[in-house]
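Here's a quick briefing for anyone opening this one up for the first time. Have a look at the picture, then read on.

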Amino acid sequence: MNVNPAGAGSLVVVSHSVADTHRLASQLCDVLRPGDLVLLCGDLGTGKTAFTKGLAASLGIDDQVTSPTFVLVQTYDGPVPIVHVDVYRLEHAGELEALALEELLDETAIGVIEWGDRFAAHLPPDRLEIMFSPGAGIDDRTVVLVPQGPSWHARRRLLAELVEGF
Amino acid sequence: MVILRSLRILGIETSCDETAAAVVEGGSMVCSSVVASQAERHARFGGVVPEIASRLHVDVITDVIARALVEAGLDFPELDAVAATHGPGLAGALLVGVSAAKAIALAHGIPYIGVNHLEAHLYAAFLEEPDLVLPMVVLLASGGHTMIVHMIDHGRYVVLGRTVDDAAGECFDKVARFAGLGYPGGPAIDRLAIDGDPTSIRFPRPMLDEGYDFSFSGLKTAVINHVRNHPDDDLPDLCASVQEAIVDTLVIKLMRAAREVDAKAVVIGGGVAANTALRTRVLDEAARAGIRAFVPARWLCTDNAAMIASVAWWRLHSDGPTSLASGAYPNLRLPVVG
């Protein structure tokens, strides 16, 4: 696992496999709290849904997490529920209203929004952004964690420790 | 007293991008079926956009229902019941059909039946073959779902396997969008694949030896990696090869399931069942295995309201009407036994 410092508060790890991406999600569970919002960004096939699967498994959710592209919103019940959203198919920020995100993203659940960067300006500013991109090897993914807003800046040291130990 | 067999049911479907209404008599005789597709209006968005979908359903639903009645030569008082898809699907879209059906039920004093969209797809084949033999194994594959269902009897289902990540139709759509083929992706790939060589690129068949679950995310990633590394590859060859990988995976598992549960027939349904290669392969493999295969007409595979009215007839028979106090259920699952 390679660790690199990146620009302005962001942290970089490299995942070498889907299992690595699951493990990263699992470790991130120790830093996450109910009410948190996570934006997953990156091209098709870079590991956004895989990451969410890892997150759900670590949170004790029994349901199979599948791609929310078609259904747009999928809620998984568990000790800490996950609201899994995919805005891949949306073209305009106005369409976000139809998803009623403000109702779905409550204080008891963790919100995960795939392709969240497409509407970053229209989503709550306090959030963890995770950018996935293809790495050197065919299964490698560069994963950049970007803490945004006061609650995540306060947790930056925890994230840094997680990244160093990965 | 109305004899159940001749009940005329108005079915309404608005769970995704089609606004549809149909009148079916006795569970299988289609008196009319009207589908107003929003696919063309969605084409420029590369997908179904829910806010627009709900609004378009509201715009056209009254007209679609009226046309279904005119084509059936009926008026509201001649209906015995009204049904609508109440899940799964987009909440806003579902509510349009559910509200319309409840209003008709209330105004005309007839029963309302809320229908599970997935269960309706299982029943689509009965509209062409009322004497379909049970038990059967159904492959249901669409943009949002991919599952193999053992239909033991009416209303008695076991899900043998389902996708663990992407749906088969989603794989078609995302690959097509990545290759610049537009939306919906399935028909575009189907057309181009006719002129391609399905053996030209060997894409993976994920989880082929692992039970009846599917995984199409890895295949999607493999195709995208291939296109990135070979941008000048022949498009028909690419389409034929992707299609072959998807069809292979679906049909091998479907036939294996049919043998294992000793099914009398195999059936396909859902939007992906409109794919030419899949239809041909299922008929060929079933003939080879000496098992009956039912490949419904394309209009019955894609979303329609005739299948809603058909399943409603069976559910009214077994469970009675649905309360008007019930709502829409976006995360509804197929009811299973055991």
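**A first look around**

Let's start with A:Thr49, which is found in helix α2 (residues 48-58) of chain A; helices (H or I, at least four residues) and strands (E, at least two) are DSSP runs, numbered from the N terminus. Keep in mind that this is a predicted model, where local features need pLDDT of at least 70 and side-chain atom pairs count only at pLDDT 80 or more, while totals for chains, interfaces and linings use all residues. As for bookkeeping, residues are numbered from 1 along each chain as its sequence is written, chains are lettered from A and ligands numbered from 1 in the order in which they are written, and side-chain values use heavy atoms, with hydrogens and water left out.

**Around A:Thr49**

- A:Thr49 is buried, at a relative accessible area of 13% (buried means under 20%, exposed over 50%, partly exposed in between, with a 1.4 Å probe and protein chains only).
- Leaving aside neighbours within four places in sequence, A:Thr49 is in contact with A:Thr66, A:Ser67, A:Pro68, A:His84 and A:Glu114 (contact means heavy atoms within 4.5 Å).

**Where chains A and B meet**

- 27 residues of chain A are in contact with 26 residues of chain B.
- The two chains bury about 2,200 Å² between them, 58% of it on carbon and sulfur atoms (this is the accessible area, 1.4 Å probe, that two parts lose on being put together, summed over both).
- On the chain A side, A:Leu44, A:Phe70 and A:Arg89 lose the most area to chain B, together 28% of what that side buries.
- There are 2 salt bridges between chain A and chain B (a side-chain nitrogen of Lys or Arg within 4 Å of a carboxyl oxygen of Asp or Glu).
- A:Asp43 forms a salt bridge with B:Arg228, and their closest N and O atoms are 3.0 Å apart.

**Rings and charges**

- Over all chains, the count is 7 aromatic pairs (rings of Phe, Tyr and Trp, its six-membered ring, with centres within 6.5 Å; planes under 30 degrees apart are stacked, over 60 edge-to-face and the rest tilted).
- B:Trp313 and B:Trp314 make an edge-to-face pair, 5.0 Å centre to centre with 85 degrees between the planes.
- Ring pairs link B:Tyr123, B:Phe126, B:Trp313 and B:Trp314 into a cluster, and B:Trp313 is buried, with a relative accessible area of 6%.
- The charged end of B:Lys174 sits over the ring of A:Tyr88, 5.0 Å from its centre (NZ of Lys or CZ of Arg within 6 Å of the ring centre and within 35 degrees of the ring normal).
- A:Arg155 lies over the face of A:Trp152, at 3.9 Å from the ring centre.
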